Amino acid sequence: MGRPAGGKNRYWSKEDKLKVIKDFYRIKNYSEVCSKYDICSGTLFTWLKKYRESGEDALQPAKKPGNPLSKYT
């Protein structure tokens, strides 16, 4: 399921990702967790892989959401 046309990308904070991961370890069902949080399985796989390899710090978003050029308008 993709985002609607013209929709914005969702921002997932480190805390949000950690909540999803902890819920997965409690439920142990990929499809149920993905449908509950409306994310694709690839996203969940990526978050779990990063979490297993490097812990909570790996879940920190690389950049903040928004248009960095908007301050010039």
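Reader: Which residues of H3 are buried, and around what arc do they lie?
Author: This is a predicted model, and in it helix H3 (residues 41–54) has the highest confidence, at a mean of 94. The buried residues of H3 are Leu 44, Trp 47 and Leu 48. They lie on the same side of H3, because the arc that they cover around the axis is only 100°.

Reader: Which helices do the buried residues of H3 pack against?
Author: The residues concerned are Leu 44, Trp 47 and Leu 48, which are the buried ones of H3. Their packing partners are H2 and helix H1 (14–27).

Reader: What span does H3 reach from its first C-alpha to its last?
Author: H3 has 14 residues, and at 1.5 Å a residue the expected span is 20 Å. Just after H3, Gly 55 takes a positive phi of about 80°. The span that H3 reaches is close to the expected one, at 20 Å.

Reader: Why is Cys 34 in no disulfide, and how far is its sulfur from the closest cysteine sulfur?
Author: A search of the whole structure finds zero disulfides, and a disulfide would need the two sulfur atoms within 2.5 Å. Cys 34 is buried, with a relative accessible area of 8%, whereas Cys 40 is partly exposed, at 43% relative accessibility. The closest cysteine sulfur to that of Cys 34 is in Cys 40, and it is too far for a bond because the separation is 7.1 Å.

Conventions
Residues are numbered from 1 along each chain as its sequence is written. This is a predicted model: local features need pLDDT of at least 70, side-chain atom pairs count only at pLDDT 80 or more; totals for chains, interfaces and linings use all residues. Side-chain values use heavy atoms; hydrogens and water are left out. pLDDT is the predictor's confidence in each residue, from 0 to 100. Helices (H or I, at least four residues) and strands (E, at least two) are DSSP runs, numbered from the N terminus. Buried means under 20% relative accessible area, exposed over 50%, partly exposed in between (1.4 Å probe, protein chains only). The expected span of a helix is 1.5 Å times one less than its number of residues. The arc is that of the directions from the helix axis to the C-beta atoms. Contact means heavy atoms within 4.5 Å.
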